[in-house]
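Colleague: Let's go through this one label by label. Please set each value against its definition.

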Amino acid sequence: MTMVCHRPEGLEQLEAQTNFTKRELQVLYRGFKNECPSGVVNEETFKQIYAQFFPHGDASMYAHYLFHAFDTTQTGSVKFEDFVTALSILLRGTVHEKLRWTFNLYDINKDGYINKEEMMDIVKAIYDMMGKYTYPVLKEDTPRQHVDVFFQKMDKNKDGIVTLDEFLESCQEDDNIMRSLQLFQNVM
């Protein structure tokens, strides 16, 4: 049985489309190929790789949502180009690009807005990923309180949903969110 391998487009093209240098792309590609020799990663492999970063929790649901945000073409697999494009936005993108990408992650069903159920699913996935060893120990209703605070802040017109415009406006008004977006600016 032969394995079909995916090779990315030329590095020059990726360099033009991302905020990475040719050298950075080469390093990223080596790491990607090391974990995914076929040149693509499916959701199960993505979950296994992601779980290594959170050994005390269950990262599978958050990895599921993250995978679908990376899989912009909804093919069930993430190519190096998809991976590096998202990474470029998250690490080196503008504030607007980062916030738009995060909104897309939270908009699980891709209907253009975030409802309380979607936000609850994301928050629960984050708490599961962090594990039972988080400090301080979380109460049962903590995720619901987190979602309520999110909606009080973000749902400007109080219609029960958060649109992209409401999300962008609310995030840009919040100094903590803006600082956290800058944390990974120069990771590489």
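Modeller: The buried residues of helix 2 pack against helix 1 (11-17), strand 1 (40-42), strand 2 (77-79) and helix 5 (80-92), where contact means heavy atoms within 4.5 Å. Mind that this is a predicted model: local features need pLDDT of at least 70 and side-chain atom pairs 80 or more, while totals for chains, interfaces and linings use all residues. Residues are numbered from 1 along each chain as its sequence is written, and side-chain values use heavy atoms, with hydrogens and water left out.

Colleague: Which residues of helix 2 are buried?

Modeller: Glu 24, Leu 25, Leu 28, Tyr 29 and Phe 32. They sit on the same side of helix 2, because their arc around the axis is only 135°, taken from the directions from the axis to the C-beta atoms. Arg 23, Arg 30 and Asn 34, on the other side, are exposed.

Colleague: Why does Tyr 29 count as buried?

Modeller: Buried means under 20% relative accessible area, exposed over 50%, partly exposed in between (1.4 Å probe, protein chains only). Tyr 29 has 19%, so Tyr 29 counts as buried. Phe 80, at 0%, is buried too.

Colleague: There are 14 aromatic pairs. Why is Tyr 29 with Phe 80 called edge-to-face?

Modeller: Rings of Phe, Tyr and Trp (its six-membered ring) pair if their centres lie within 6.5 Å; planes under 30 degrees apart are stacked, over 60 edge-to-face, the rest tilted. Here the centres are 5.0 Å apart and the planes at 75°, so the pair is edge-to-face. Tyr 29 in helix 2 and Phe 80 in helix 5 are 51 residues apart, so the pair links distant parts of the chain.

Colleague: And what kind of pair do Phe 46 and Tyr 50 form?

Modeller: Stacked: 6.1 Å centre to centre, with 10° between the planes. Both belong to helix 3 (residues 43-51), four residues apart, so about one helical turn separates Phe 46 and Tyr 50.

Colleague: How do you know that Lys 116 lies over the face of Phe 151?

Modeller: The rule asks for NZ of Lys or CZ of Arg within 6 Å of the ring centre and within 35 degrees of the ring normal. Lys 116 is at 5.6 Å from the ring centre and lies over the face of Phe 151.

Definitions and conventions
Helix = DSSP H or I, 4+ residues; strand = E, 2+ residues; numbered from the N terminus.
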